[in-house]
Structures are given as C-alpha cells and as structure tokens.
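Today I opened a new structure and went through it step by step. Here are my notes, written so that you can follow along.

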Amino acid sequence: MTENPSRICLGIPSYGNQPSDWWVPMFRTAALLHRQNIELTDVLQYGTMMVDFNRNKITRAFLETEAEWLFWVDADNINPFSAVRRLLDTACDGKTIVGGIYFSKKADKPIPIAYLREENGTYRSLGDWEPGEILELDALGMNCVLTHRTVYEDIDDNYVTLTRLAGGTQSFHREDIQGDIFDNQSAPTDGKIINGVLHERFILPEKPVEVKFFELHAGRTEDINFFEKAKRCGHKVYVDTSVECEHLTWRGIGMDEYRHFVYSPLGVEL
Amino acid sequence: MRILVIGDGFDLAKEQWPEAGIDTCKLNKVKSMPGLYDRVFSLNQLQMVYRQDIVDTLKLWGSKLKEGGELHLFAPSFEWAAKHAILSNKLPLLFSHHLEGDKDNPKRSIHLARQLRVDMEDAGLRVTSARVGLYTKLVEGEECAAGQHYMIARRKIGQRIVLPKKSNKPLTDELLILDPSKCDPLPIESGGWNYVLDYYWLVEQVINHGGKKILDVGSLYSNLDFFLKEYLGVEIRTVERNQSIGADYSCDFSDLPDDGFIPDIIMWASSIEHNSIEDIRRYYLESMGRLKKGGLFIATFAISQKTAWHEATKQTNLSMEDAKKVFDMEAIQGNLAEIKKMYQDNVHSLRSNYRSIFGKFDASDPEYVVGAVRKVKR
C-alpha cells in the first residue's frame with residue numbers, strides 16, 4: 001500500500017530564454033516526479049519583466065488548481081532531482097514552507113540566500129550550519145521553495161489591498177488598519193515626512209483588488225515581502241540544507257564554491 | 001504516550017517526556033520488543049552499528065513506531081570532528097572516541113548529516129528535524145564536549161498499516177488452506193516462518209467478527225496481540241501452559257479459572273497443533289464450549305498430505321481429511337498442491353523462511369502448509 005500522491009504545481013517565473021543547463025535537469029525532474037509518488041498537476045509560468053507580478057499571477061493560477069503544494073523554480077537555478085520529494089518529507093510534520101539552499105552568483109563570494117531577520121528589520125545571511133541540518137529562518141530566495149496552499153489562503157484572508165493615492169497599490173494586514181479608509185480624500189500632509197513619519201494616504205480601490213502575495217517594496221525583493229506576510233499569518237519558514245541547489249551564471253555556483261569561500265582563507269586546500 | 005529507549009537514554013527521555021511510559025532495551029534486543037511506540041529514542045547507539053547494517057537498523061527502529069510516531073536519534077557528528085581538526089590543526093580529544101573506536105566498542109562510527117539523511121530515507125523514514133549540537137562526555141576524568149546530530153524522523157506514510165477490509169457477508173464456518181496470494185502482509189514481526197499467513201488471516205477474522213475481547217491460547221503477549229490491541233482496540237488475555245512464560249493465565253486451557261472474563265473470540269495462533277490429534281479435537285470442543293452464542297473460534301494449524309507428528313516443530317500436521325473430522329467440517333477449501341506451489345515460488349518469502357528454519361527446501365517441501373478454521377458458536 002502507498003499513500004496518495006502529493007499533488008504539486010511547479011511555479012516558474014521566467015523572462016527570456018533558458019539554457020540547456022537549466023531545462024534538461026528541469027525536464028528530468030518533472031519526468032521523475034511520478035516515481036516519487038508526486039503528481040504534477042500543472043506547470044505554471046508567467047514571463048513579464050516584473051517578477052512580483054509573475055509570482056502573483058502564478059500563485060493565483062495555482063489556487064485555481066487542486067494541488068496542495070506550489071514548488072517554486074527560478075529560471076536561473078538547477079535543483080537536485082530529489083528536491084521535491086525530500087522537501088515534502090521534511091514537511092510531513094506540518095511545515096508549510098520549506099526550501100533548499102543556494103547561493104548568490106558571485107563565484108568568489110557565494111553567500112547563502114537564506115536569511116535571518118535582525119531586530120532593526122534588516123536581514124543577514126545564514127552563517128553557520130552543517131549541511132543536512134533543517135533550520136528555521138525568516139526568509140529565503142524563492143527558488144526551490146515548497147509552499148503549501150494554506151500559506152496563500154491565509155495571506156488572502158488576512159490581507160487587504162488598498163490604492164495609494166499617489167499611485168499604485170499595496171497589501172496590508174487587516175490588523176494594521178485603524179480607523180476609516182475613504183474612497184477619495186486628501187490632506188496637505190499627504191506624501192510628506194513629518195518628524196520622521198511618512199504620511200502616505202491610501203484609499204479604497206474603485207473595484208476590489210486582489211491581495212498581492214509578493215510585492216516589491218521599499219527597495220526590497222518580492223521574496224522578503226512574501227515571507228514577512230506568511231510569517232505574520234503564523235507560518236514558519238524552514239530551510240533543509242541537505243537540498244543543495246546551483247545558481248546559474250555562465251556556470252553553476254554551488255556548495256563547492258561556498259566551501260572554497262569559507263575554507264580557503266583558513267589555508268585549507270580542498 | 002509509550003516510548004522505547006534504546007540504550008542508555010532513559011534519564012534524558014524521562015526529562016523530555018515526564019508523563020510517558022518508558023520501556024528500555026539494549027541495542028541488540030530491539031527486535032524482540034513487543035508492540036509499537038509513540039517515540040523511539042536512541043542516544044548514541046547508531047555508532048555501535050556496522051556501516052553496512054545502518055539502514056537495516058534504522059528500518060528496525062522505524063518498524064517499532066506507531067503511525068505518526070517519531071524516531072529521536074542522536075549520533076556523533078563527523079562534520080564537527082573534521083571541522084574541529086581542521087580549524088585547530090589538531091585532533092579534538094573526543095576525536096578518537098568519535099572516529100577510531102575504542103577497545104570496548106570496536107564498531108564505533110560517526111556520521112555525516114547528509115549521509116544520515118540518505119540512510120534515513122533508505123530506511124523509509126522522513127526526517128522532519130535535523131540539528132547539530134554539543135554533548136558532553138567524561139574522557140579520562142575530563143569533561144569534553146563533542147558535536148552530535150539530533151534528528152527526528154517519522155515513518156513514511158507509505159508504510160502506513162492497512163488493515164484487511166471488513167467483509168459485509170455474515171460469518172460462516174470455514175475450513176481452508178490459506179492461500180498466500182490472498183494475503184497482504186501486515187507489519188508484525190514474528191519468529192514463525194509462515195506466520196505472515198496466519199497473522200493476516202487471524203486479523204481479518206477479528207475485524208470481520210468485531211469482537212472486543214480475545215482469549216489468545218498458547219501464547220505470551222505476542223506481537224500479534226500487541227497489533228490487535230493497537231489497531232483494533234481489543235482487550236486480550238493470554239493463556240500459556242508453560243509456567244515460565246508470563247501470560248495472563250499460566251495454566252492449561254482446560255484449567256482456566258472462571259474469573260468473569262468471557263471472550264468474544266478464542267484464538268489459537270499456530271498453537272493448537274502442538275498437541276496430539278485427540279487433544280486438538282478436545283481443545284476445539286472445549287473452546288466452543290467456553291464461547292457465548294455468536295462467539296468465534298479461530299485457529300491456524302499445520303496441514304500436510306498425511307496426518308503425522310512433526311518432531312522438528314513438535315506439532316501434529318493434519319491431513320485434510322482429519323482436519324475436517326477434528327473440526328466437524330464437511331469440506332475444506334483450497335488445493336494443497338497449488339498452494340504448495342506458491343510456497344515453492346517463494347511468495348512472501350515462504351520458501352526462504354522455510355529454508356532458514358529447516359536448513360533445506362527440497363522439491364517436495366514444504367512438509368506442511370498453513371490451514372485455518374473458523375467456527376461460529378450457534
């Protein structure tokens with residue numbers, strides 16, 4: 001007897017063309033999923049130049065499917081064949097967000113794209129771990145991240161999107177909204193920073209606007225915004241460091257480069 | 001909550017789960033521990049296992065887990081030792097303890113977390129937590145810290161126990177030779193070469209009958225009993241005439257005291273055969289006499305071409321004709337030759353198991369196969 005297969009969607013925001021270094025392992029991964037008791041429900045892709053827009057579109061499409069899990073693959077990463085199975089196993093105790101580990105693209109200084117939030121709101125990269133550990137963090141890069149649909153459903157339930165009077169939209173946690181929101185009002189302080197407080201006016205949108213799971217905001221990438229929303233809704237973020245991925249430049253940057261980066265200054269020859 | 005502590009981790013387990021009932025056993029006694037546990041806790045035991053046996057060892061530990069149960073595993077970290085050696089340019093004090101073994105424990109080995117993750121997967125376990133931390137150990141009077149892995153894993157749901165489906169048909173009397181092709185092995189450890197068939201059929205009968213009080217005759221608490229308790233929620237009492245075995249009733253079945261326990265089911269799991277043919281009949285009749293109306297008598301026993309005493313197993317193998325007479329049945333289901341062929345084809349490893357017990361498996365083997373009888377008290 002075996003359990004029912006886990007149903008997943010692959011979410012691939014991409015722009016431009018991908019090299020064979022990327023799509024060959026991608027095809028192989030997809031082809032092997034059924035052998036790992038994983039049912040690939042759909043491959044969801046969006047390819048504008050706006051990565052947050054792509055991810056939101058993909059997520060909305062995912063929520064229309066019956067898949068339980070959305071597995072994010074970035075168009076410049078190579079993930080191990082066993083990544084999805086391993087992450088599903090890691091999540092079998094109820095985790096809803098768990099990712100693999102990969103590094104920034106600088107071959108001489110590859111930094112883990114896995115972050116801990118500091119008290120001042122900035123993020124620092126994971127610094128010390130043993131490969132194979134499963135760690136709770138605050139944010140990851142979005143490649144090789146397995147997310148359960150409840151993460152998005154909870155964000156959808158707990159956030160609301162308002163229109164910025166000066167243009168654009170932004171999603172807010174409902175608990176952060178106090179007092180009334182008007183559909184058309186302004187004041188001389190709008191857009192001004194007064195005593196260090198930004199007076200930014202938001203109004204009700206003319207027609208309902210979907211919650212944004214991912215937003216580029218305040219100069220930060222869309223993944224940080226997503227993880228903050230997810231954590232605000234009670235979800236925890238884990239990295240399974242046994243799932244090692246590569247980041248493509250003209251070649252894959254991975255664990256080998258990281259080891260050199262860490263140990264070469266110590267005079268250790270690898 | 002029930003916890004199995006392998007080796008010396010009792011105090012740590014008690015500290016972590018103060019309300020739990022804790023059984024302990026040595027590394028080489030895990031297999032014989034009956035029943036299933038919410039937690040299996042192993043503190044620095046895996047390093048005592050030969051590298052090539054690690055996956056099988058982990059499988060065994062995993063097999064002791066209930067559905068949803070967790071294996072908590074501590075094992076020395078190779079990464080810690082290696083990093084310590086590289087960075088300090090000397091071997092840490094505990095390195096030899098970690099890596100090279102000592103005279104008391106020559107099998108010691110240490111583990112890479114990533115390799116251990118793969119070993120766990122190969123053993124059908126899902127790792128849900130994996131951390132590295134420090135533990136302390138006295139070495140030559142000095143307290144030393146060393147790195148170790150702490151992993152928590154669950155048994156893969158793919159191993160979830162699937163019980164036989166309850167039949168909608170009313171229970172009738174039945175005498176049959178058990179057909180291996182109709183058996184879907186249950187994860188019950190046993191020493192019997194053919195018990196895979198006995199256990200499946202017996203569990204199936206208990207499910208179909210629905211009785212909640214079982215008298216298991218000729219047994220101490222076996223893994224079958226624990227399985228029935230665990231998964232069907234039945235109350236079981238055991239009878240065993242061998243006084244040295246701790247059953248509920250250490251007496252002959254005929255001498256059972258009247259203490260108010262009235263079983264819904266009397267079960268002889270490959271035990272009634274360890275008697276003469278006359279006593280088999282007598283025990284059958286006494287069993288039926290003890291049952292209330294609607295109660296169930298179930299027994300598995302040995303069937304062969306001819307009725308004969310089988311010295312190696314100290315049992316009477318019944319011919320099909322004699323089985324009918326003993327259990328008051330007019331017919332027996334199953335074709336002995338066809339079913340023997342399945343044993344020869346090694347269905348459910350029956351041929352291999354037989355050979356491991358008797359040291360051979362010739363063209364005419366097995367000498368006997370598993371028969372079963374079900375009688376409903378009218």
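**Entry 1**

I began with Cys144(A), which sits in the loop between β9 (139-140) and β10 (145-148) of chain A. Helices (H or I, at least four residues) and strands (E, at least two) are DSSP runs, numbered from the N terminus. I noted that this is a predicted model, where local features need pLDDT of at least 70, side-chain atom pairs count only at pLDDT 80 or more, and totals for chains, interfaces and linings use all residues. Residues are numbered from 1 along each chain as its sequence is written, while chains are lettered from A and ligands numbered from 1 in the order in which they are written.

Most residues other than glycine have a negative phi. Is Cys144(A) buried or exposed? Cys144(A) is buried, with 28 other C-beta atoms within 10 Å. I use "buried" for 20 or more other C-beta atoms within 10 Å of a residue's own, "exposed" for 12 or fewer and "partly exposed" for in between, with C-beta atoms placed from the backbone.

**Entry 2: chain A as a whole**

I looked up six helices and 18 strands in chain A. Of its 270 residues, 38% count as buried. Among the contacts in chain A with a separation of 6 or more, 71% come from residues 24 or more positions apart. Two residues are in contact if their C-beta atoms, placed from the backbone, lie within 7 Å.

Next I followed β9(A) into an open sheet of three strands, in the order β7-β6-β9, with antiparallel pairing. β7 (123-125) and β9 of chain A are the edge strands, each pairing on one side only. Strands pair if DSSP finds at least two bridges between them. Two bridges join β6 (residues 114-117) of chain A to β9(A). Which residue of β9(A) is the bridge partner of Ala114(A)? I found Leu140(A).

**Entry 3: two spots in chain B**

Asp328(B) is also not a glycine, and its phi is positive, near 55°. I located Asp328(B) in the loop between α9 (320-326) and α10 (336-344) of chain B. Asp328(B) is partly exposed, with 14 other C-beta atoms within 10 Å.

Then I checked a peptide bond: the one from Asp365(B) to Pro366(B) is cis, with omega near 5°. Most peptide bonds are trans. Pro366(B) lies in the loop between α11 (350-358) and β14 (369-376) of chain B.

**Entry 4: where the chains meet**

I saw that 20 residues of chain B are in contact with 16 residues of chain A. On chain B, α3 (78-88), α5 (113-122) and β5 (125-139) each supply at least two residues of the side that touches chain A. β5(B) gives the most to that side, with seven residues. By class, the side of chain B that touches chain A has nine nonpolar, four polar and seven charged residues. Here Ala, Val, Leu, Ile, Met, Phe, Trp, Tyr, Cys and Pro count as nonpolar, Asp, Glu, Lys and Arg as charged, and the others, Gly among them, as polar.

**Entry 5: confidence**

The mean pLDDT of chain B is 87, and 91% of its residues reach 70 or more. pLDDT is the predictor's confidence in each residue, from 0 to 100. For the complex, the predictor gives an ipTM of 0.82 and a pTM of 0.66.
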